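Please view the sequence and the structure first.

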Amino acid sequence: MQDLWRLSAADLAALIKSKKVSAREAATAALARLDAVNPKINAVIDHRPAEVLAQAAGIDAAIARGEDAGSLAGVPVTVKVNIDQAGFATTNGLKLQRDAVAATNSPVVDNLRKAGAVILGRTNCPAFSYRWFTTNLIHGDTKNPRDPGITPGGSSGGAGAAVAAGIGHIAHGTDIAGSIRYPAYACGVHGLRPTMGRIAGFNAALPERPIGPQISAVSGPLARTIGDLRIALAAMSAKDFRDPWWVPAPLEGPAMPKRVAMCLNPDGLDPAADVKAAVADAGKRLERAGWIVEEIATTPPLREAADLQTKLWLGDGYEAQLEMAEREGDPGALACLRGNRAKVFPFDLSKTLTRRATLTRQWLEFFETYAVLLMPVSGELPFPDQLDRKDDASFARVWHAQLPMIAIPFMGLPGLTVSTGLVGRVPVGVQLVSGRYREDLCLAAGEAIEAGGTPSAAIDPAS
C-alpha cells in the first residue's frame, strides 16, 4: 500500500489493528515523508528514527498478542517542543533551555502513548511560544507548506506545518491566545483548543508558571479531519493526577438544539471581505446540514476579554519574562513583550480575575441559548511571515486581527478552527466556540462544515 502518510489517523489505525498494515510500515512511511519534506519547512526540529521504530514494534507485538492497541494504534503523531518528552530537551524555542532534558513524559505524551500513538518527532515553536509566527534562535524558521511567504502560524507553527505536509497524522499543540487555532487556520488544517482543565498538562523539566486558573494554557490536537480531532481529544484527555486542574468531564454533553449564532463582525473586529465570506459560507453549509443559523450583530465582550487575557499571559511576571527574553536575545520575543508593555504593566491579578468571573458568566448565559458561535478565526487572511516585526503599525495590526482568538481562553472556553478552503493558495477558515466542556458541539458543527466543502489533505510544500 502506497502513501500511508496520506491516510487519516482513523483509517490508518483501523488498518493496523486489522493487521492489513503493520505499525512498523506506518512508521517507516512517516519517517520517509519527514525526510522528504521537512528540510523545506523545518517543522520537526528533533526526532530519533530508531526510537520511532521501537515504539511501532511495541504496537505490532501487542496486536500479535491479541491485546487492544488503543484508538491510535500505530498512528504517527508529533508533539510540540514546549512539553516534556523523556530524553528530549523541552526548549520552548530557547537557547537558554537547550539542556532542559526531560526525565519523564508530560501527561499528554503519556496519554497519547497509552492510546497507541507513535511519537514521530518534536515540532518547532517561537521563543517562549509568544507569537503567531514561528522562528527562534535555536531551531530556526518554520515555513508554511502552503506558501512560504505567509506565516505557518504560532506558537504551534511547527505542528500546523507538519500535519499539513503529511508529517504525522495528528499534531499536538498548545494554545493560550490562538496557538493551536491560528496555525491550523494558516496551514489549512483543523485545530481544537479544548476547555481549560480538559487535558492534563505538566512539565517537570522546567520551573513552571501556573498551568491552571491563571493564564489558561491548554494542550490540544491539530489534524486534517475533524474525526481525527475527536479521536485525539479522547486520547489526550485521559486522567493524570499530576495536573491538579484536570477535570473528569464527559466528552459528550446533554443534547442541545442545533442552533448557531453567526457573527461576521464580532466586537468591532472589522474583518477582511474574504474572512467574512468564509464565515457566511460556513453558515450556509450548516443550514444545509440541518442547523438553525441566526446572524447576530455582535457577541458578548471580546475586546475586553482579549485585553485582560493579554494581561494574564504577559503581565503576570512581566519583568522576569522581559529579563529572560533579553538574555535570550530573540527579536520576536522582545518585540512581543515591549510592544505590549503599556497594555499589561502594572499588573493587578485580583482585579483581572474578578472581571473574568463577570465576563465568563455573560458567555455562559449566551451558550444557554446557542449551541455554538460561528465567527472569524482572525480578522485577516494569514499574515505575511514576520509581519509583527515590520514596524509599529504592523505590530498593532496583527494584535487587532487576533482578537477572536486571544479572547476565548480568558473564559476557559473551547474553540475550534475549521479549514474551509483557499483564497488563491492562502488558507481560510472559521472558528466555532461553545460552552465549557462542550467540545462535542464544536466538533459536531465542524463536521457539518467540513462535509459541505473540500476535505483538507496533505500537500507537498510549495516553493
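The report covers the basis of the model, the sheet and the helix packing.

## Basis

This is a predicted model: local features need pLDDT of at least 70, side-chain atom pairs count only at pLDDT 80 or more, and totals for chains, interfaces and linings use all residues. Residues are numbered from 1 along each chain as its sequence is written, and side-chain values use heavy atoms, with hydrogens and water left out.

## The sheet

Eleven strands make an open sheet with mixed pairing, ordered 1-3-2-4-6-5-10-11-9-7-8. Strands are DSSP runs of E, at least two residues, and helices are runs of H or I, at least four, both numbered from the N terminus. Two strands pair if DSSP finds at least two bridges between them. Strand 1 (44-46) and strand 8 (292-295) are the edges, each pairing on one side only. Neighbouring strands are turned by 30° against each other on average, direction ignored.

Strand 4 (residues 170-175) and strand 6 (residues 218-223) run antiparallel, joined by six bridges. Gly173 has Gly220 in strand 6 as its bridge partner.

## Helix packing

Helix 13 (residues 349-369) packs on the sheet. It touches strand 7 (259-262), strand 9 (372-375) and strand 11 (426-433); contact means heavy atoms within 4.5 Å. Its direction makes about 100° with that of strand 9.

Helix 8 (residues 273-288) packs against helix 16 (residues 439-451) at about 100°, axes 8 Å apart. Axes are lines fitted to C-alpha atoms, for helices over the stretch in contact; angles run from 0 to 180 degrees between N-to-C directions. The two helices are therefore roughly perpendicular, a term for 65 to 115 degrees. Ala282, Arg285 and Leu286 in helix 8 meet Ala445, Ala448 and Ile449 in helix 16.

Key:
Parallel < 35°, antiparallel > 145°, perpendicular 65-115°, else oblique.
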